[in-house]
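The tour goes stop by stop.

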Amino acid sequence: MMEDSRRGNILIAEFKSISRGIIVTDSMAKSASINIVRASTSCPGKYIAIAEGEISALSSAEAVAQEQGGRHLFSSAIVSGINHKIIEAISGKLRSTGSGSIGIIEGPNMADLINSSDIALNSAQVEFIEYRLARGCGVNSFYIMTGTLSALSEAVENASAYLGERGSLLAYRIIPGPDRQVMRWIKSSLCSC
């Protein structure tokens, strides 16, 4: 189990229009006591806003997204009680550079992928070295974890089982003891769009 047991709640709002997404995200931030964790374009030509806060505030912000987003709101979901390390990873605060085996989980549904990463963290002592939500990889999202082979095996097995049950699993892999050249290039080779 992970030592950091802080839990949080997030709202994920995905828009089919970049300009509408920016405008609605501004309205969401002004209408409720939320903290924008990530707000950016995503592939292909969408805009994603992820905010954290109390469930009541996130529900208010989601209502604004639905009302003002209208037909431009692609999807929205509130994910509650997730490990705070996931919120940090979503916002780009990744501390680990990878020092063991790596596990990769990929899926098309952001809310399911976030929930699966919570399951992974609750399963074993693993750290994220990359966390990418529909940015730079078409419509897919993925995360890469590092840890001991046994910890990764448990984390990947539980996370991929959850995604499989939800119909949201594209792929999962474990690389035991990746070559140092692969580790060096893993982050720099991922597109940043």
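**Stop 1: helix H1**

Select the buried residues of H1: what covers them includes S1, strand S2 (35-42), S3 and helix H2 (55-69). Keep in mind that this is a predicted model.

Now color the buried positions themselves. In H1 these are Gly-21, Val-24, Thr-25, Ser-27 and Met-28. They sit on the same side of H1, because they cover an arc of only 165° around the axis. Turn to the other side of H1 and pick Ile-23 and Lys-30, which are exposed.

**Stop 2: Thr-25**

Select Thr-25, which has its place in helix H1 (residues 18-31). Is Thr-25 buried or exposed? Its relative accessibility is 7%, so Thr-25 counts as buried; the cut-off is under 20%. Show its contacts next. Leaving out residues up to four places away in sequence, Thr-25 touches Phe-15, Ile-36, Ala-39, Tyr-47 and Ala-49.

**Stop 3: the open sheet**

Move to S5, S6, S7 and S8. They form an open sheet of 4 strands in the order S6-S7-S5-S8, with antiparallel pairing. Strand S6 (127-132) and strand S8 (171-175) are the edge strands, each pairing on one side only. On average, neighbouring strands of this sheet are turned by 10° against each other, direction ignored.

Zoom in on one pair. Strand S5 (residues 101-107) and strand S7 (residues 141-147) pair in the antiparallel sense over 7 bridges. Pick Ser-101: it stands opposite Gly-147 in S7.

Helix H4 (residues 110-123) lies across S5, S6 and S7, running at about 10° to S7. Helix H5 (residues 149-166) lies across S5, S7 and S8, running at about 10° to S5.

**Stop 4: the cores**

Which residues touch the most other members of the largest nonpolar core? Of its 33 residues, they are Ile-10, Ile-12, Ile-90, Ile-114, Tyr-131, Tyr-143 and Met-145. Elements that each supply at least two residues of this core include strand S1 (7-15), strand S3 (46-52), strand S4 (73-83) and helix H3 (84-90). H5 gives the most, with 7 residues.

Center on Ile-114. Among the residues Ile-114 touches, not counting those up to four places away in sequence, are Val-79, Ile-82, Ile-86 and Leu-133.

Notes: Residues numbered from 1 in each chain as written. Predicted model: local features only at pLDDT ≥ 70, side-chain atom pairs only at ≥ 80, totals over all residues. Heavy atoms only, no water. Pairing = 2+ DSSP bridges. Axes fitted to C-alpha atoms, helices over the stretch in contact; angles between N-to-C directions. Contact = heavy atoms within 4.5 Å. Core = buried A, V, L, I, M, F, W, Y, C linked by side-chain atoms within 4.5 Å. Buried < 20%, exposed > 50% of the residue type's maximum accessible area, 1.4 Å probe, protein only. Arc of directions from axis to C-beta.
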